[in-house]
Amino acid sequence: MSALIAKDLGRVYRRYQQPIDSLKELIFRKQYHEEFWALKEANFHCEPGEVVGVVGDNGAGKSTLLKLLAGTMRPSRGELIVNGRVSAILELGSGFHPEFTGLENVHLGCAMLGLNAEQIAAKVDEIIDFSELGDFIHQPVKSYSSGMFVRLAFSVVTSVDPDILVVDEALSVGDQHFQKKSMDRMMTFKDQGKALIFCSHNLYHVKELCKRAIWLDKGEIQVQGESGEVIDQYNDHVRMQNRISVPVPKSAPLETKAEGENNKQLTAYLSEATLLNAKLDNAGIALYRTGGKFQVQVLAHKQDSLALEDVHIGIIIKRNDGVQCFGVSTVLDGELLFTRQDNNDLGVVYEIPELSLLSGQYSLEIWLIDTTSAHVYDSMQSCCEFKVRQPNTEVGVAYLPHQWSAPL
Amino acid sequence: MNSINDDLSYMHALRLLIKRELSSRYKGTIMGVFWLFLQPLIMVIVYSFVFSVIMKVRIPGMDNSYHFALYLMAAMMPFVAFQDALTAASNSLFVNSALLHKSTLPPLLLPLVPMLATLVTEGISLLIIIVAAFFLLDQVSWYLLLLPGLVLIRLCLSIALGNVLAILSVFIQDLRQALGLLLTMLLFLTPVFYPVSMIPEPFLPWNNLNPLFHLLDAYRALILRAELPGVEVLYVAIFSLVMLWISVFFFRKTIERAKEFI
């Protein structure tokens, strides 16, 4: 039996000119509002013992989703089937009464999770102990620092033996020591067969902790599935938004530059750049594995006036956030281009035998240059778009060869 | 929609909230819990002094000089509880927005907590009046045992109106401002400061429509006249229960909408 099933789950926020309009709407059955769907048609499930991560930009609907799961908000549409007790730690101060002391909030928090007086009494000491709040437990929580808040909230929600635990990024407020402690407790939960829904901006965390992940974008589930793949796709999306002014990549992955009028006035021009042996993903974008072979063929044309040595090709691999990952040219490597049928038809295949790039979305920048590298005959920006996927969870741009050995 | 049964599983939370509601009033004070007694006690003393010693107000049929003060208090105290309940209810959703949005507590409990807390203050006030009536007027009777019934009716009526007010205050911001004025008007239009016999004939039918009049008069009957209240109080009880049922329905129907504005 699934711990949690969401069917067509949706939540709308309604904007009214004035509050009274909402009441009029109820009475006169006439629409007075503008709608904003914070969450649309979300379908997913979570099994016992499974950790599901939720990622997405700000305003993507993560908080709305978690509030629905936690039961502090009702869905406007669809259905949420919950098997067991849900316990949630949402944004700071969730469920706490600011004027109450920490201890009063412990009692109240447990009571709201359905415990009776004796059950609470039996747990209070353990909760205070885990929160490490000491004497501060007798202070009103409004005087707490955000770290203290989270420690107390986490201690309460995890002490009531929930079947489903919903954790917002609030947890990242705690210090390293407490983060470790809370992670350990969450992992114990997982091992006990409880379901965890986990939301974080720390994608590494999500990738490491979660088996499955959901990427929300503009209120809709963009992708869900195996967490590594979901996070990689989300990362591609994030880098795209953070790019350092790169021209928008052209959609066709394997492209050809048409021979136009302008090209004839150049003394040399690029005619074609093609990714070789590329697998295509569902969206038709070339897909490589980290460690696999990467090949691109570049063709160019020169005029008679130019010698073969005068024309060189440079290739820069750029990630979609604008980071130049690696760039090299035939000038630098002391290579010459190859001629084809005609002496003026040039070409070369650029090969990386073991592509060390990690997951990401990349494109090429190809330059046709002279021996000084200073004069540019022609260039192609953001062409040959491709994707790389890595098997493991290393972080960074590229996989660097390395080894670990005993200390000296 | 939660059923009443689901809400009952929050009994312990409700107890904690009420305890907290009461203790917050005197927390940090030197007199502590005595404030709960001190407030009604001082009111009784001041009213007695002003109306009986200084103004010497007499109402036909009352010989004892303290009679008017107690006559006034016996109706005034339940009214104050009613007034406190409504005022607190109309603020309850705003004051508790944190619990409303960030906890799974049934929203219906939020106005309920301060309204239930008025039971304690009303109870203490009535106790003081009963004791005063015994010592000053030599008045005590078995009918006093019916008093909890009246308190219960008063509470039902308060909750019925309170639930509706809590919601309407969200949609109509002016209501919170106007409420104090409306309650003062109600206090003066209900025979609390004056006996019903002073109301001019043409206005009597209107007065009879006021459930508070019948209810407050029943308090006086039990405490001061040692007699059974009129049958009208039963009508008030039924009216309150029906209103209570409607108000819970209304509250549940509208709370999700109201939450959007808090």
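Reply: Two residues are said to be in contact if their C-beta atoms, placed from the backbone, lie within 7 Å. This is a predicted model, in which local features need pLDDT of at least 70 and side-chain atom pairs count only at pLDDT 80 or more, whereas totals for chains, interfaces and linings use all residues. Residues are numbered from 1 along each chain as its sequence is written, while chains are lettered from A and ligands numbered from 1 in the order in which they are written.

The part to look at is helix 4 of chain B, residues 67-95; helices (DSSP runs of H or I, at least four residues) and strands (runs of E, at least two) are numbered from the N terminus. The 29 residues of this helix should span 42 Å at 1.5 Å a residue, and the 40 Å between its end C-alpha atoms agrees with that, the expected span being 1.5 Å times one less than the number of residues.

Helix 4 of chain B is mostly covered, with 23 of its 29 residues buried. A residue is buried if 20 or more other C-beta atoms lie within 10 Å of its own, exposed if 12 or fewer, and partly exposed in between. For B:A74, leaving aside neighbours within four places in sequence, the contacts are B:I129, B:Y219, B:R220, B:I223 and B:L224.

A nonpolar core is a set of buried Ala, Val, Leu, Ile, Met, Phe, Trp, Tyr and Cys residues joined through C-beta atoms within 7 Å. The largest such core has 136 residues, of which A:V166, A:F198, B:L70, B:A74 and B:I129 touch the most other members. Helix 4 of chain B gives the most to this core, namely 19 residues. A second, separate core holds 34 residues, among them A:Y350, A:L355, A:L358 and A:V388.

Turning to how the chains meet, 26 residues of chain A are in contact with 22 residues of chain B. On the side of chain A that touches chain B, helix 1 (20-28) and helix 3 (102-112) of chain A each supply at least two residues, and the largest share, 5 residues, comes from helix 3 of chain A. That side of chain A divides into 12 nonpolar, 10 polar and 4 charged residues, where Ala, Val, Leu, Ile, Met, Phe, Trp, Tyr, Cys and Pro count as nonpolar, Asp, Glu, Lys and Arg as charged, and the others, Gly among them, as polar.

Chain A itself is divided into domain 1 (4-241) and domain 2 (255-389), with bounds that come from an automatic or database domain assignment. The C-alpha centres of these two domains of chain A lie 48 Å apart, and 5 residues of domain 1 are in contact with 7 residues of domain 2. On the domain 1 side of that contact, the residues divide into 1 nonpolar, 1 polar and 3 charged.

A:D8, found in strand 1 (residues 4-15) of chain A, has a positive phi of about 50 degrees although it is not a glycine. A:D8 counts as partly exposed because it has 13 C-beta neighbours inside 10 Å.
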